[in-house]
Amino acid sequence: MNPYILATLLFGLGLGTTITFASSHWLLAWMGLEMNTLAIIPLMAHHHHPRAVEATTKYFLTQATAAATLLFASTTNAWLSGQWEIQQITHPLPTTIIALALALKIGLAPLHAWLPEVLQGLDLTTGLILSTWQKLAPFVLLLQLPPSNTPLLITLGLLSTLVGGWGGLNQTQLRKVLAYSSIAHLGWMILILQFSPSLTILTLLTYFVLTFSAFLIFKLNKATNINTLATSWSKTPALTALAPLTLLSLGGLPPLTGFMPKWLILQELTKQSLAPTATLAALTALLSLYFYLRLSYALTLTISPNTITATTPWRLLPSQLTLPLATSTIMALMLLPLMPTILALLTP
């Protein structure tokens, strides 16, 4: 892609998110979300592969549906209360519809079916943008919703952790595994959203770091399915030793970074007298942990000629920049002692 066009699209992506961040009016927030969607669509379709075009079409239709629903709900709120302010939403009907529209935008269960299909059709770089940056703007709006629809959000959160764990169990495609991982992590964030927004932001930032690291590891290895992982030992031995730790951090295994958000969320849910919810969420985390263990097994304990017929590749120096990967991998493994400090900084 032409670098000028790429720069324009990335600028549009950033501008759309910034407009949503800065807006206090529903129409402005909606406009920011639309700019975000329209900026990423050429990035998704630029390979001109039928699978990429199909994924882009699915993404566009889903996002357009969610945006139209959001606009309808905010107009209904203005009709009922005479207010366009995001903070002034009071009626339960538009609040519920807005929560469901934003759930569709970020891919929460049961409105998740588009996410694995879309992510599977994209290259890893665009998939990374879709899994991280595109979640920011809808999350800012979700954080500003009044606490009247807590039961709905808890239901969406539990369903997402369950579907995210269950859906990833039998997958062999890495992008689909990462999509179900995204659904499960979003479920954890939504569970705690109404009780501790700062904890939601902490979980979101931790998820970004872990996902960034996982996507870059797969991109460096040019791996798109579980069988290709077996050849990574011959290409990048040092990275192959660290990659399972990153995956297990995504699963929330102590003493890695990913453990702390889950632990704090379970603690907060218990404080709110939601022990059954916390227990169910902890059990669904085991499902996710299983498929991360499966990927770790494929990476480290499988020898390539025994699993695939492809020739073992030569070990060549990587042509892409490895500094972001090194930084994010270290953060994914070793941020646990700093988590209380980060949480204190995020708490207003």
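Me: Why is M260 counted as buried?
Reply: In this predicted model, M260 has a relative accessibility of 15%. Buried means under 20% relative accessible area, so M260, at 15%, counts as buried. M260 is found in helix α13, which covers residues 259-271.

Me: Which residues is M260 in contact with, once its neighbours within four places in sequence are left aside?
Reply: They are L336 and M339. Contact means heavy atoms within 4.5 Å. The C-alpha atoms of M260 and L338 are separated by 10.0 Å, and the two residues are 78 apart along the chain.

Me: What makes L338 partly exposed?
Reply: The relative accessible area of L338 is 47%. L338 is found in the loop between α16 (323-334) and α17 (339-346). Its C-alpha atom is separated by 13 Å from that of L205, a residue 133 places away along the chain.

Me: Why are K222 and S273 called exposed?
Reply: The relative accessible area is 66% for K222, and S273 has 65% relative accessibility. K222 is found in the loop between α10 and α11 (232-235), whereas S273 lies in the loop between α13 and α14 (275-300).

Me: What is noted about phi in K222 and S273?
Reply: Phi of K222 is near 50°, a positive value in a residue other than glycine. S273 likewise has a positive phi, near 60°, and is not glycine.

Me: Which peptide bonds are described as cis?
Reply: One joins A109 and P110, with omega about 5°. Another runs from P254 to P255, with omega near 5°. P110 is placed in the loop between α4 and α5 (114-120), and P255 in the loop between α12 (237-251) and α13.

Me: What makes helix α7 mostly covered?
Reply: Seven of the eight residues of α7 (residues 136-143) are buried. The buried residues are L136, A137, P138, F139, V140, L141 and L142. They pack against several helices, including α1 (3-22), α3 (50-81) and α10 (197-220).

Me: How do you know that the chain is as compact as a globular protein of its length?
Reply: The chain has 17 helices and zero strands. Its radius of gyration is 20 Å, close to the 20 Å that the globule rule gives for 348 residues, so the chain is as compact as a globular protein of that length. Of the 348 residues, 55% count as buried. Among contacts between residues at least 6 apart in sequence, 78% join residues at least 24 apart.

Me: What does the UniProt record place at residues 23-287?
Reply: The unreviewed entry gives the feature "domain: NADH:quinone oxidoreductase/Mrp antiporter transmembrane" there. In the model, that span is 74% helix and 0% strand. The record also lists residues 201-218 and 239-261 among its entries for "transmembrane region". Residues 201-218 are 100% helix, with end C-alpha atoms 26 Å apart. Residues 239-261 are 70% helix, and their end C-alpha atoms lie 25 Å apart.

Key
Residues numbered from 1 in each chain as written. Predicted model: local features only at pLDDT ≥ 70, side-chain atom pairs only at ≥ 80, totals over all residues. Heavy atoms only, no water. UniProt positions renumbered as here; feature names shortened; annotations may be inferred. Helix = DSSP H or I, 4+ residues; strand = E, 2+ residues; numbered from the N terminus. Rg over C-alpha atoms; globule rule 2.2 N^0.38 Å. Buried < 20%, exposed > 50% of the residue type's maximum accessible area, 1.4 Å probe, protein only.
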